[in-house]
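Open the structure in your viewer and keep the selection panel at hand. We will go from one selection to the next.

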Amino acid sequence: MRVINCCTRLHAPSSIRLSFVRRNHSQTHSYRCVGHGNCSLSTNQMEQRNLSANTVIDHPRALTDKITLIRDAGPSKFQVIADFDATLTRYRVNGLRGQTSHNLLQQGNAEYDAKRQALYDHYHPLEISPVIPIDEKTKLMEEWWSKTHDLLIEGGLTYDAIKKSVENSSIAFREGVVELFEFLEKKEIPVLIFSAGLADVIEEVLRQNLHRTFKNVKIVSNRMVFDDNGRLVSFKGKLIHVLNKNEHALDMAGPLHDQLGVDTGEEDEDEANAYVKQRTNVLLMGDHLGDLRMSDGLSYETRISVGFLNDNIEKSLESYRQAFDLVYLNDAPMWGAVELVSRLFSTEET
Ligand SMILES: [Mg+2]
């Protein structure tokens with residue numbers, strides 16, 4: 001099922017959008033309208049708007065109001081918080097489920113790769129079990145992550161192995177991610193990528209796939225420490241696992257202030273956290289309902305939430321459209337978010 005919303009101006013053709021859209025996505029669609037308003041677009045017009053065909057906006061008016069509030073407050077009050085896997089990256093690559101930053105890593109040590117797989121086989125069913133109480137599950141997740149990190153150290157993971165793993169992986173970014181980051185970089189808007197995976201792996205994925213670095217893009221995830229020979233010796237900071245990712249993410253983002261191009265002149269962590277937290281307007285992007293909690297540590301004023309619903313669309317659409325301001329279906333590209341931030345802060349628009 002494809003869904004088109006033709007009741008909002010968000011995806012109306014604009015010079016901004018056209019300048020970003022470089023490739024066509026050849027898909028056939030059937031359409032239905034969501035929300036209120038007329039749905040009188042011709043089929044040809046619809047065909048030209050592949051992005052709209054994969055967009056659901058349940059309350060266009062509320063979204064428009066949020067856009068106005070955020071635009072009026074300006075870019076200095078704004079930040080982007082994004083999940084990584086299946087949000088910035090594609091769910092499917094060449095028709096197959098793409099890899100994630102979690103599962104692409106090969107240590108170059110078959111024994112330890114097998115040991116980590118055995119941990120996955122044991123703990124993953126516990127992670128998704130609906131009957132284990134959250135306290136107990138949190139302990140189990142800490143156990144899993146700790147054991148995995150220990151195996152990476154014991155197994156002698158090197159930075160070279162990370163590079164090779166990323167080279168050989170099938171992970172891929174959604175089209176438009178580079179343009180999104182470029183636009184935000186020009187506006188000096190920070191992008192915080194939250195992940196319970198490995199920061200060093202994600203950074204290598206960014207390096208190899210985007211072919212440049214962005215001074216405004218920072219990873220909040222588990223970070224490795226390597227010795228002079230490029231061998232992993234420890235992890236630094238708090239352990240971030242799947243159940244505490246949202247709880248601690250913003251606090252851990254704070255110390256990144258100096259790398260975000262802003263020097264508060266203080267090493268004080270509270271001061272640094274305050275920098276991130278003073279940007280009280282947020283664009284939040286995720287592919288799970290739980291990702292909505294990534295902004296929990298922030299007393300935000302206005303938040304626009306974007307959900308990528310990649311799979312089980314029939315089953316999950318109702319809950320996604322209720323939870324997110326905008327839902328993109330069918331592994332959609334990032335052009336919608338590109339257009340959104342362009343509308344928020346384009347110098348061409350007043
Ligand atoms: Mg994800």
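**Confidence.** Please keep in mind that this is a predicted model. Colour the chain by pLDDT: the mean is 81, and 77% of the residues reach 70 or more. Now select residues 1-41, where pLDDT stays under 50 and the model has 70 contacts beyond four places in sequence. Residues 257-267 also have pLDDT below 50, with 18 contacts in the model beyond near neighbours in sequence. Where pLDDT is low, the predicted coordinates should not be read in detail.

Eight of them make an open sheet with mixed pairing, and you can follow the order 1-10-9-8-2-5-6-7. Which strands stand at the edges? They are strand 1 (55-56) and strand 7 (232-236); each has a single partner strand, so one side of each is left without a neighbour in the sheet.

Zoom in on strand 9 (residues 302-309) and strand 10 (residues 326-329), a parallel pair joined by four bridges. Pick Gly307 and you will find Val327 of strand 10 opposite.

In soluble globular proteins, nonpolar side chains tend to be buried together. Here the largest nonpolar core has 63 residues, and Ile193, Ile202 and Val306 have the most contacts inside it. Select helix 13 (residues 335-345) to see the largest share of this core, six residues. Then colour by domain: domain 1 (15-95 + 172-345) and domain 2 (97-167) both give residues to the core, so the core lies between them.

Centre on Ile193 for a closer look. Which residues is Ile193 in contact with, leaving aside neighbours within four places in sequence? They are Ala82, Phe84, Leu88, Ile202, Val217, Ile219 and Val220.

**A helix residue.** For the last stop, select Leu126 in helix 5 (residues 110-127). Is Leu126 buried or partly exposed? Leu126 has 14 other C-beta atoms within 10 Å, and being buried takes 20 or more while exposed means 12 or fewer, so Leu126 counts as partly exposed. Beyond four places in sequence, Leu126 is in contact with Ile132, Lys137 and Leu140. Finally, draw a C-alpha to C-alpha distance from Leu126 to Glu136: the two are 10 residues apart in sequence and 10.0 Å apart in space.

Definitions and conventions: Residues are numbered from 1 along each chain as its sequence is written. This is a predicted model: local features need pLDDT of at least 70, side-chain atom pairs count only at pLDDT 80 or more; totals for chains, interfaces and linings use all residues. pLDDT is the predictor's confidence in each residue, from 0 to 100. Two residues are in contact if their C-beta atoms, placed from the backbone, lie within 7 Å. Two strands pair if DSSP finds at least two bridges between them. Helices (H or I, at least four residues) and strands (E, at least two) are DSSP runs, numbered from the N terminus. A nonpolar core is a set of buried Ala, Val, Leu, Ile, Met, Phe, Trp, Tyr and Cys residues joined through C-beta atoms within 7 Å. Domain bounds come from an automatic or database domain assignment.
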